[in-house]
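Here is a short report on charged side-chain pairs. Keep the sequence and the 3D view open while you read.

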Protein chains: 4
Amino acid sequence: MNQFRGVIPPVVTPLTADHRLDVESYRRSIDRMIAAGVNGLFVLGSSSEVVFSTDERRREILAAAIEIAGGRVPVLAGCIDTETNRVIEHARAAREMGAAAIVATAPFYALGGVAEIERHFRLIHAAVPELPLFAYDIPVCVHTKLPNDLLIRLGRDGVLAGVKDSSNDDVAFRFLIGDNEENGHPLTLLTGQEVVVDGAYMAGADGSVPGLANVDPYGYVAMWNAYRNGDWDSVRKEQNKLAALMRIVLAPSGVQGFGSGVGAFKTAMALLGVFDTNQMPEPVLALHGDNVKAIADVLRACGFELARTVEQVDVSTE
Amino acid sequence: MNQFRGVIPPVVTPLTADHRLDVESYRRSIDRMIAAGVNGLFVLGSSSEVVFSTDERRREILAAAIEIAGGRVPVLAGCIDTETNRVIEHARAAREMGAAAIVATAPFYALGGVAEIERHFRLIHAAVPELPLFAYDIPVCVHTKLPNDLLIRLGRDGVLAGVKDSSNDDVAFRFLIGDNEENGHPLTLLTGQEVVVDGAYMAGADGSVPGLANVDPYGYVAMWNAYRNGDWDSVRKEQNKLAALMRIVLAPSGVQGFGSGVGAFKTAMALLGVFDTNQMPEPVLALHGDNVKAIADVLRACGFELARTVEQVDVSTE
Amino acid sequence: MNQFRGVIPPVVTPLTADHRLDVESYRRSIDRMIAAGVNGLFVLGSSSEVVFSTDERRREILAAAIEIAGGRVPVLAGCIDTETNRVIEHARAAREMGAAAIVATAPFYALGGVAEIERHFRLIHAAVPELPLFAYDIPVCVHTKLPNDLLIRLGRDGVLAGVKDSSNDDVAFRFLIGDNEENGHPLTLLTGQEVVVDGAYMAGADGSVPGLANVDPYGYVAMWNAYRNGDWDSVRKEQNKLAALMRIVLAPSGVQGFGSGVGAFKTAMALLGVFDTNQMPEPVLALHGDNVKAIADVLRACGFELARTVEQVDVSTE
Amino acid sequence: MNQFRGVIPPVVTPLTADHRLDVESYRRSIDRMIAAGVNGLFVLGSSSEVVFSTDERRREILAAAIEIAGGRVPVLAGCIDTETNRVIEHARAAREMGAAAIVATAPFYALGGVAEIERHFRLIHAAVPELPLFAYDIPVCVHTKLPNDLLIRLGRDGVLAGVKDSSNDDVAFRFLIGDNEENGHPLTLLTGQEVVVDGAYMAGADGSVPGLANVDPYGYVAMWNAYRNGDWDSVRKEQNKLAALMRIVLAPSGVQGFGSGVGAFKTAMALLGVFDTNQMPEPVLALHGDNVKAIADVLRACGFELARTVEQVDVSTE
């Protein structure tokens, strides 16, 4: 039985106004996702603000998630850093804290070729062989696309257990799924998409890692269950609702990248009463003013009831 | 009734060995696609080798297609050129030859901003108002992604009749479909994907423009009909078969871009007996040697019977 | 004697308010550049708005330049188009009109690999062997960087006579100059830079093709002469003055790319009384309002006397 | 007096065969550079393999450099990491160890807009106000180009003391130098170029940070001194010799990026007897086989005598 199938949200990290980890909000959010029926939690990925976090903060975030999950679902730990030796340090820490699997990207900042990427994953697996290793394919952040033949080779050799595909290249992902089938399914293939997860399920994905599942875990679990039942009309219906909700990330103006994406998730979760604040890690400012209002409007249009007013969430009105 | 829905293949242009238009092969291919049930033909798009063709050759390609189609299906004419005035010349020629619609990209080579792109489409429509105008969103060629709000604005203003989306950004495309619905569906939205068309149908696309439909029009028509009938299992099954067939474009080695993509289509069609040669426009060489064999292997693995041997198609063995 | 050394401005094309070629302004500008001592004229390059011009307009622009130049300096003709056969049509037309040399980029829109680029240049030279062929290396427009080893090979084989380097990669350019020396200087190497031409001369360039020389041909000629005399202090002094003048292209706000670059050149030339208007080709609008004023301010700060007021040039005040 | 002018090599880090810091080789190299007359040392930059190094290794590298330099020249410490809080940790460590200045890039991996970049530098300076802060503009690694107006604003506000420009955009750099002059020279502007440093000096740079100075510090010091004396012929002559030497980084085949660049520096230094090995940090392999020979050939062609044979350096022959 593959324990890493299904909906595995990349867990967004709540902060207090003064930038500490907000454990109570974290507990509310994780408990809510587990209650909704998610199949695992991916902690310390891009959405968890891993690259904004010091080593100490990373340990704090991962330890809290494992404690809160309490074995109800597996916790996958992102080990995101520039090059091999730094990644291995994170991987060893994750092993000691009890992560169920580790997740690593290709090297970044200093680039090389495919040979270095392959050696990178082999060295990580050799250093922490006890834990399944997932490759995190995220060219928008690391500026390298992992080639399908490399992934399959590492899967067949037992180096990789799976792939989290955040490449936004669904054509390559479908070919990867086909290659994986032909090779006996060595890899668990998870899509990082949010609004075209139905297409990834059509293609045969083993699960999804949607950041938006922090805001609405119920919808993604319902879509996964419909997929498992072959009920494509329901898959489509759920995806359409979630695509409408994803417009929260398009709503802010004057903000780009992480600040509008994860910023919108945090703001929605604050409006829904899951998080106490929508605070962001330095040097990113929390969404404020009209941007909070714009997100509230999307939530209401999607039928959500807000637990807090725009003014309560918008720190600029304090 | 919208006459531009369904499967509208971008028609590949057959050449003789000495680089003339091969009208007989063209007739065989177009008749075969119409017999399979395609809903229209897109001529002089990227796959038609439009940018390799002189003005005279463009007219020859378009005139032949319109003559062969003979009104059985509408013919959309690509008017692909660097900037507005040159595009308008092509658009007027297409109008005189009887095209049913025209298709234009954003300006390329010299780039500007969104204001210039908007003015570009408005000027084209003003010059040839009798013909529906489709925007062709193909950033891999023109290095600009058409923004959704621009497309919707031009649709509402009656400037654009539709969009051919070859952006490979299925997330943006799903948001575009949602925006289009909210605005009363002013645009006919066609995906240029080949292996994730099922996902585009899940998202609500009005049709598809898959280059691979030159090789297997029956599969794409079957997928479209299944989609119209809400038979998602058949949609998925057809797509999976076509995804396997699309591996002909991954099969060649040592060749990139147009030479491997359209080169693979032409080679497959020559092996299937639809085209007499797999000749390519200068400066691109026809696929030859092991690359022909690799494509033949994919075709056979997908259950196709070959009308010609590898040696008959491979010009390097002459 | 190499007739293509020295300062060879890419000639900006003046338009009337109603978008016709303004031959009188053209004559004033070309006569002024020749009087200043330029060594040649590059017509139908990017700055000549070649990709905005229909075939008929291209012929008009080139014929007028050759007529005005009257043999005083050689006229190089840009043959800029997407792929080989279209380029060859332009090259033959240039030959018939009496161009001294032709200039072609790598193929664009549909990309391939180095093999296609090499075949492209060889086919152009084979079709018009009477004229020296320059490669125009401009990745910002064609999205391919011409590799140094390809350029040297084509130079040694007599296919290329030279290179106009607009790659903004001065490191590669210096290596190219070194390679060219080692191979007996088969190529005439011209930099397309404007504000770091002194560095290109330090590296050993054979000349420059600066768009800004339309505005101030005297400065570039003075810098070239200083370089020929080994008077580096004067080279530097002239370059610093021209770098200050080049700020006209940074002055406009809300406009990008061709509209701000060539737009600024045209606006400066209208303010200086060389051009009658600063009209731009569709779909680009002429610079207007505060952007004209900003350019006038730079000109004055650089010591130029204006022949026309901002209001006279700014069409938005009409 | 500005203590950060002149030649400040980014110090390459020598490793033992088993990947420990090779302090004896480090001492030889740093002593050699100081003896040659360099004006400072930049430690823990890209060439120092900073992103390959754990926190412990970073401290080891910096402490050794400061100890070896012994106050003879200032040591600037790179504080290269993904986002603000991690950079601040490195900056505080550098302060405790006695660095003379700190150097930081824009945030990377998770991108935002200019507002976040500005806040990033302001927060770093606020956390370690005692040390001059240099911005490291290296878009090839961080995928953001620092805008000139931001740099000038941060310079005027006392946040930034200078810029190390590794953008390879010499046009922007020349404009930056002009802006800096107009604003009273708040920033010390250093070029990271190697083969067009003469052009940067023509433009008015305050110094250079060339990786190649690890291999030949004498040449870069001679060029700097010639520049200070206004002896442009000598500047040019030295640069041409160094450009020929820089071909060591083009010599390796089958290797890309950091592996060929810093790999070539280490291999050259091993051949010259400065380093004991050409070992590289994981996951990069040391250059070996024909690549070592190719570098030796360039060194000899440039007139260097080799202290070791190719076989002695090439670990693959062991």
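## What counts as buried

A residue is called buried when its relative accessible area is under 20%. The model discussed here is predicted.

## Salt bridges overall

Side chains of opposite charge can pair when their charged atoms come close. Over all chains, the structure holds 84 salt bridges. A few of them are described below.

## R86(B) and its partners

Start within chain B. D81(B) and R86(B) form a salt bridge, and their closest N and O atoms are 2.9 Å apart. Both D81(B) and R86(B) are buried.

R86(B) also meets the side chain of D81(C) in a salt bridge, at 2.6 Å from N to O. D81(C) sits in the loop between β3 (75–78) and α3 (84–97) of chain C, while R86(B) belongs to helix α3 (residues 84–97) of chain B, so this pair joins two chains. D81(C) is buried, as is R86(B).

Next comes D198(C). Its salt-bridge partner is R174(D), with 2.9 Å between the closest N and O atoms. D198(C) is part of helix α8 (residues 197–203) of chain C, and R174(D) is part of helix α7 (residues 170–182) of chain D, so the pair joins two chains.

Are these two residues buried or exposed? D198(C) has a relative accessible area of 0%, so D198(C) is buried. R174(D) has 4% relative accessibility, so R174(D) counts as buried too.

## A network in chains A and D

D81(A), R86(A), D81(D) and R86(D) belong to one network, joined by salt bridges that share partners.

Methods: Residues numbered from 1 in each chain as written. Chains lettered and ligands numbered in written order. Predicted model: local features only at pLDDT ≥ 70, side-chain atom pairs only at ≥ 80, totals over all residues. Heavy atoms only, no water. Salt bridge = Lys/Arg side-chain N within 4 Å of Asp/Glu carboxyl O. Buried < 20%, exposed > 50% of the residue type's maximum accessible area, 1.4 Å probe, protein only. Helix = DSSP H or I, 4+ residues; strand = E, 2+ residues; numbered from the N terminus.
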